[in-house]
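Subject: Structure handover and notes

Hello,

Here is the structure you asked about, with the sequence alongside. My notes follow below it.

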Amino acid sequence: MLKFMPLHSLQQHLPHNVRFFLFQTCSAPQEVEQLHAFSLKTATFNHPFVSSRLLALYSEPKINDLGYARSVFDRIQRRALIHWNTIIKCYVENQFSHDGIVLFHELVHEFLPDNFTLPCVIKGCARLGVVQEGKQIHGLALKIGFGSDVFVQGSLVNMYSKCGKIDCARKVFDGMIEKDVVLWNSLIDGYARCGEIEIALQLFEDMPERDAFSWTVLVDGLSKCGKVESARKLFDQMPCRNLVSWNAMINGYMKSGDFDLALELFYQMPKWDLVTWNLMIAGYESNGQFVDALKMFFTMLKFGSRPNHATLVSAFSAVSGFAVLSKGRWIHSYMEKNGFELGGILGTSLIEMYAKCGCIESALTVFRAIQKKKVGHWTAIIVGLGAHGMANRALALFLEMCKTGLKPDAITFIGVLNACNHAGLVDDGRRYFDMMMNEYEIEPTVEHYGCLVDILCRAGHLEEAKNTIENMPISPNKVIWMSLLGGSRNHGNIDIGEYAARRVIEVAPETIGCYVLLSNMYAASGKWEKVSHVREMMYKRGVRKDPGCSSLEHKGVLHEFIVGDRSHPQTKEIYAKMSEMKEKLKCVGHVPDTTQVLLCIEGEKEKEAELENHSERLAIAFGLINVKPGSPIRIMKNLRVCNDCHSVTKLLSKIYSREIIVRDNTRFHHFRNGSCSCMDYW
């Protein structure tokens, strides 16, 4: 049997200028580590007071060192319930709730939990969203006599509310005698989360007292339900607004797409925190306002705020949105200088950023630098390689991933199928689709069927694609019907094209691309009366075609061009370069493909002139003037590259000895020395 020395006998081991009360008063991490080392050196660690105090000190919020806390816990020879409670709380507070619940399972074999243990572990269940485990602990609390404890009941209301079991939360709530404002707030929050905003409002009216959180929960709930005006009305009535309420209102505006009002509110705030900045940056990014998202990110840095992983992920997504590579490289450099680890979702975002900016080799470098690769990292690089037409490398990496023991998920297979799609690998596409279902037992979603249909349509297997759509176990969406329409337009099958167009108009009559493709299909076959009919239909429905737009970043500035654009400051030089390009193209024997002119223009010269003014040619001319030789000319286009522009860009890459990278609305084209990475299949 172990014997412990009394407290006063520990004093003999301490230096004359150190007193035992330090164990009770010290709080700095260095002091605690020194006392920990001293207890081991003097063999006093196993004294109940010393070990318990060290465990408590390491678990305190000021120090909060889970590693040391667990090390102390594992070395305590005689554990009491207080030790278990302390370490479980430490795990839950450090977002390791799963480990806390595992420890709780061990605890119940040695002790009965008390009204400190139960609320803590129920909180862990709430954070993980594991309602079944929460119900089991609820049953245990009832069994051992803590079912009526106010702290246990409060944690149960919170857990059931957060897990969406609002009826269970209400049952516990109604059975309670003492109900404080925190409890009312938990129930209101639960109803708001479930979309039961009217009940939440009624509870808000009924509660005996309110605090700032009571108001904020409702503002947030109304915003998330799309009732932004009601949320603002309540927000304006708040007696005292805290940062959380301001942020909730900004989030509501951003989610409703009203980023102007969000910005107006942002500048009215008395102060900003990291959440505020993240909401603004992510809000702009999710609304497609990529330039504003990056402006807000750099403004944040100027104000001295330090971003976190979520901030950087949003910033990289904004960079990807309009392919400003220089900004992406700068943020990557900032990330490295400030000690952000290259892993998790940040690593995935960085791979995606480089891939979407046309730098697939940089994306591969980032991928290789990630030591502990997860499924998301493999998926990002597979998707990137596929979009760049590097199907063989994408599929080789997929097989390599499988050999590591990682299991591909549904998104990974979307990347694999898209890689097959961009390279015309029809048999491989069918095989991987079957592999997904049979080997990995992944139920195909509408996105997977969309990939398979697109593979078949691009290769001209229109009847098979049509049969696949008609036999799908789920309803096809507009994307699938658009693939069939696009394939019909490319392969000149008007019957199937009209069939697909009717289906698109049935499910999504506002789809601009449907009318454009149908019109182009008729125009390509010379059916100008039907072209007029489609355009009249567009006019009546208020549908307008997006003009072709190409952009190119140079020295941190984004330059945009539309068809026949003459608004650029360098217009004179650009059109002079285009005349030069035209002469050089003639010298190498280029004959314009006027079948690509989808307007009712009779003269060949007029048709050629229309082709010459396409937006990507203006962007190429600008690039040849301004981008230094040896650097790629990177262009982003909002529409599919036409056949004639594709042929012209191949020739220009050889004539001027330049690499030209074009990202259109479906994939990347790398033009080098007269050829394209897509092998003329796009």
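A salt bridge here is a side-chain nitrogen of Lys or Arg within 4 Å of a carboxyl oxygen of Asp or Glu. This is a predicted model, in which local features need pLDDT of at least 70 and side-chain atom pairs count only at pLDDT 80 or more, while totals for chains, interfaces and linings use all residues. Residues are numbered from 1 along each chain as its sequence is written, and side-chain values use heavy atoms, with hydrogens and water left out.

Salt bridges

By the rule above there are 25 salt bridges. One of them joins the side chains of Arg458 and Asp454, at 3.1 Å from N to O. Arg458 and Asp454 are 4 residues apart in helix H27 (residues 446-458), so about one helical turn separates them. Helices (H or I, at least four residues) and strands (E, at least two) are DSSP runs, numbered from the N terminus. Asp454 has a relative accessible area of 16% and is therefore buried. For accessibility, buried means under 20% relative accessible area, exposed means over 50%, and partly exposed is in between (1.4 Å probe, protein chains only).

Asp428 and Arg431 form another salt bridge, at 3.0 Å from N to O. Both residues belong to helix H26 and are 3 residues apart, about one turn of the helix. Asp428 is partly exposed at 24% relative accessibility, and Arg431 is partly exposed at 42%.

In helix H30 (residues 494-507), Glu506 and Arg503 are 3 residues apart, about one helical turn. Their side chains meet in a salt bridge of 3.5 Å, N to O. Glu506 is exposed, with a relative accessible area of 57%, whereas Arg503 is partly exposed at 24%.

Charges over rings

Arg79 also lies over the face of Phe73, 4.2 Å from the ring centre. The rule for this is that NZ of Lys or CZ of Arg is within 6 Å of the ring centre and within 35 degrees of the ring normal. Arg210 is placed over the face of Phe204 in this way, at 4.0 Å from the ring centre.

Aromatic pairs

Rings of Phe, Tyr and Trp (its six-membered ring) pair if their centres lie within 6.5 Å; planes under 30 degrees apart count as stacked, over 60 as edge-to-face and the rest as tilted. The count by this rule is 23 aromatic pairs. In one of them, the ring centres of Trp272 and Trp277 are 5.2 Å apart and the planes stand at 70°, so the pair is edge-to-face. Trp272 is partly exposed, with a relative accessible area of 26%, while Trp277 is buried at 1%.

The rings of Phe398 and Tyr432 are also edge-to-face, because their planes are at 90°, with centres 5.6 Å apart. This pair links distant parts of the chain: Phe398 is in helix H24 (residues 391-403) and Tyr432 is in helix H26 (residues 426-438), 34 residues apart. Phe398 is buried at 0% relative accessibility, and Tyr432 is buried at 3%.

One aromatic cluster is made up of Phe266, Tyr267, Trp272, Trp277 and Phe303.

The sheet

What is the order of the strands in the open sheet? The 6 strands run E2-E1-E3-E4-E5-E6, with mixed pairing. E2 and strand E6 (675-676) are at the edges with a single partner strand each, so one side of each has no neighbour in the sheet. Helix H35 (residues 615-626) packs on the sheet and touches E1, E2, E3 and strand E4 (660-663), and its direction makes about 15° with that of E1. Contact means heavy atoms within 4.5 Å. Axes are lines fitted to C-alpha atoms, for helices over the stretch in contact, and angles run from 0 to 180 degrees between N-to-C directions.

Two strands pair if DSSP finds at least two bridges between them. Strand E1 (residues 549-554) and strand E2 (residues 557-562) run antiparallel and are joined by 6 bridges. Cys549 has Ile562 in E2 as its bridge partner. The hairpin of E1 and E2 has 2 residues between the strands, and Lys555 takes a positive phi near 55° there. E1 also pairs with strand E3 (residues 633-637) in the antiparallel sense, over 2 bridges. Ser550 stands opposite Lys637 in E3.

Regards
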